[in-house]
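The stops below go from the whole chain to single residues.

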Amino acid sequence: MDKEWVYFSRDSRAYRDGAKRFVDTVQANNGDPEKIQCPCSCCLNLQHHHHGIVYGHLVMNGMDPTYTRWIFHGEEPSSSVQDEYREMPETYFMYRDAFLQDDDVVEPTQNREELDFKILVDDAELPLYTGCSYTKMSAIVVLYKYKARHSLTDIAFDRLLHLLHGFLPRDNRLPNSLYATKKLLNDFDLGYEKIHACVQDCCLFRKDLKDKETCPKCGSSRWKINERTKKIQQGVPAKILRYFPIIPRFRRMFKSLEILH
């Protein structure tokens, strides 16, 4: 498939003709569907539009510069699928393993499901904004680590995201809500569990102790105590352990093709 046109100015006739040929070819090769994936720099293959809208997006926004192998638009994958796998970012395997079952074939394939996974991973690996050294995923992980370290409330973190989103360039990809952030982290098994802990580090209030109000060893209250009134603030944990599950990582390590081969 001709790619030379993407390097021309979007105002030029050569670019417009190339974009038109691209859209027409994809449309014809896919049996004239109502909508096709849009590879422009804004949609990033995450949206499907009428072919006329896709053409307009390509002219207005340009082709996504990171989309060099047009596998979603008819171009054949690399002749060596093994090499293709090794080039994929680590987050691909983290996402893929969330859907891998024990009886799945480990041999790499380029089916529809895996291509959909790769779209999500490619989105996470894009720069936070043009020219930024942080990716969307790395920025989210840093901010979420900051939330955990400084015990920011969900409301405070949500407002922080809104503020940062406004400060960054308009093309930034930072989620502007806590909900969107948690959704992405959960997709990649990067979320954490909150476990109430004794203020003296004697125990964790889980399993047999999950309903206990005081530490069975030192007698400390599970709940925070107001320093001025000495009143127990029921429902407000005195100390929290944030647990990052290791099992998904082990699954990725031992099921990834690179380890098995």
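**Before you start**

This is a predicted model: local features need pLDDT of at least 70, side-chain atom pairs count only at pLDDT 80 or more, and totals for chains, interfaces and linings use all residues. Residues are numbered from 1 along each chain as its sequence is written, and side-chain values use heavy atoms, with hydrogens and water left out.

**Stop 1: the whole chain**

Show the cartoon. The chain has ten helices and six strands. Helices (H or I, at least four residues) and strands (E, at least two) are DSSP runs, numbered from the N terminus. Of the 261 residues, 34% are buried. Buried means under 20% relative accessible area, exposed over 50%, and partly exposed in between (1.4 Å probe, protein chains only).

**Stop 2: H73**

Select H73. It lies in the loop between α2 (51–61) and α3 (81–87). Is H73 buried or exposed? H73 counts as buried because its relative accessibility is 1%. The side chains of H73 and Y67 are joined by a polar contact of 2.8 Å. A polar contact is a pair of N or O atoms within 3.5 Å; within protein, one must be able to donate a hydrogen and the other to accept it, and residues adjacent in sequence count only if both atoms are side-chain atoms. Leaving aside residues up to four places away in sequence, H73 also touches others, including M1, F22 and P39. Contact means heavy atoms within 4.5 Å.

**Stop 3: α6 and α7**

Select residues 136–149 for α6 and residues 154–167 for α7. Look at where they meet. From α6 come L143, Y144 and K147; from α7 come D154, F157, L161 and L164. Five of the contact residues are nonpolar, none polar and two charged. Here Ala, Val, Leu, Ile, Met, Phe, Trp, Tyr, Cys and Pro count as nonpolar, Asp, Glu, Lys and Arg as charged, and the others, Gly among them, as polar.

**Stop 4: W223**

Select W223, in strand β4 (residues 223–225). W223 counts as buried because its relative accessibility is 11%. W223 and P237 are 14 residues apart along the chain, yet their C-alpha atoms are separated by 4.4 Å.

Definitions and conventions:
Axes fitted to C-alpha atoms, helices over the stretch in contact; angles between N-to-C directions.
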